[in-house]
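Hello,

Here is the structure you asked about. Have a look at it first; my notes follow below.

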Amino acid sequence: MDRRRFFETSLLGGAALMVPGAAQAAKPFDPLTSPLAGSVYYTKKRPGRWSRYSASHLPVFERKGNALHVKTPHHMRGYAHYIVKHMLFDQNFRMIGEKTFEPGKDWPISLYDVTSMKGPLYAMSVCNLHDSWLAGFRL
Ligand SMILES: [Fe+2]
C-alpha cells in the first residue's frame, strides 16, 4: 500500500470511529450475557454441557448486614469430586475475593465484607469435574 492510500484509509477509519453516538452505544461488560457464559464458564441461563448439574453448582447469595455469604449446594465427599474454590468479582469483573476449599474439612461457603460496595457482584464456583459457574447478586 502506498503512503497516500495508507493515509486515506486511516482517515476514513478514524472518521468512522467518530460517528456521533458511537461511544454511547458501548454497553458495560455483563458476564452473565457475555459470549463467555456457556463456553468458558456456565450460568443459570447458559448451563452449556452441564445443564443437568446447574442447581448443585450455581453459587447462592445471602446478605447478612455487611457480610455477603456465598454458598454452593454441592457435596464435598473427597478429592474425587468437590468445589475447589469461590471467587468474587466486582461490577467490572475484577476479582475482589476468593476462598479455596478442602474436601472433608470445608463446606463450599465463603464470606465477604461488602461494607463499601455497591452495584452488582458476581460469584464463581469452581467444581473439579463440572467447571466454573457464575451467578450475580445486586447489593
Ligand atoms: Fe460437580
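**The metal site and what surrounds it**

The side chains of His74 and His81 are joined by a polar contact of 3.0 Å. Please keep in mind that this is a predicted model.

Start with His74. A second polar contact, of 3.1 Å, links its side chain to that of His57. His74 sits in the loop between strand S2 (67–71) and strand S3 (83–89). Is His74 buried or exposed? The relative accessible area of His74 is 5%, so the residue is buried. Beyond its neighbours within four places in sequence, His74 touches Ser56, His57, His81, Tyr82, Ile83, Pro108 and Cys127.

Several of those names come back at the metal. Which residues coordinate the iron ion? The donors are His57 (NE2), His74 (NE2), His81 (NE2), Cys127 (SG) and His130 (ND1). Their distances to the iron ion run from 2.1 to 2.4 Å. If you want to find the donors in the sequence, look for the spacing H-x16-H-x6-H-x45-C-x2-H. His57 belongs to helix H3 (residues 54–57), while His81 is in the loop between S2 and S3, so this pair ties together parts 24 residues apart in sequence.

His57 is buried, with a relative accessible area of 1%. His81 has 16% relative accessibility; the cut-off for buried is under 20%, so His81 counts as buried too.

**The sheet**

Now to strand S2. Which strands does an open sheet of 3 strands contain, and in what order? The order is S1-S2-S5, and the pairing is antiparallel. S1 and S5 are the edge strands, each pairing on one side only. From one strand to the next, the twist averages 20 degrees.

Take the S1 side. Strand S1 (residues 60–64) pairs with S2 over 5 bridges, in the antiparallel sense. Val60 is opposite Lys71 of S2. The two strands make a hairpin, with 2 residues between them. Gly65 is in the turn and has a positive phi of about 65 degrees.

Then the S5 side. S2 and strand S5 (residues 109–113) run antiparallel and are joined by 5 bridges. Leu68 faces Tyr112 in S5. His69 has Leu111 of S5 as its bridge partner.

How enclosed is S2? Of its 5 residues, 4 are buried, so S2 is largely enclosed by the rest of the structure.

**The nonpolar cores**

In soluble globular proteins, nonpolar side chains tend to be buried together. In this model, the largest nonpolar core has 9 residues. They are Phe61, Leu68, Val70, Leu88, Tyr112, Val114, Leu121, Ala123 and Ala135. S2 and strand S6 (120–127) each supply at least two residues of this core. A second, separate core has 8 residues, among them Ala37, Met87, Val126 and Leu134.

Tyr112 is worth a click. Leaving out neighbours within four places in sequence, its contacts include Leu68, Val70 and Leu88. Asn66, Ala67, His86 and Met87 are also in contact with Tyr112.

**Where to look**

For a quick tour, go to the iron ion and its donor His74 (NE2). Move on to S2, between S1 and S5 in the sheet order. Finish at Leu68 and Tyr112, which stand opposite each other and both belong to the largest nonpolar core.

Best wishes

Conventions:
Residues are numbered from 1 along each chain as its sequence is written. This is a predicted model: local features need pLDDT of at least 70, side-chain atom pairs count only at pLDDT 80 or more; totals for chains, interfaces and linings use all residues. Side-chain values use heavy atoms; hydrogens and water are left out. Buried means under 20% relative accessible area, exposed over 50%, partly exposed in between (1.4 Å probe, protein chains only). A polar contact is a pair of N or O atoms within 3.5 Å; within protein, one must be able to donate a hydrogen and the other to accept it, and residues adjacent in sequence count only if both atoms are side-chain atoms. Contact means heavy atoms within 4.5 Å. Donors are N, O and S atoms within 2.8 Å of the metal (3.2 Å for Na, K and Ca); water is not among the atoms, so sites may look incomplete. Two strands pair if DSSP finds at least two bridges between them. A nonpolar core is a set of buried Ala, Val, Leu, Ile, Met, Phe, Trp, Tyr and Cys residues joined through side-chain atoms within 4.5 Å. Axes are lines fitted to C-alpha atoms, for helices over the stretch in contact, and angles run from 0 to 180 degrees between N-to-C directions.
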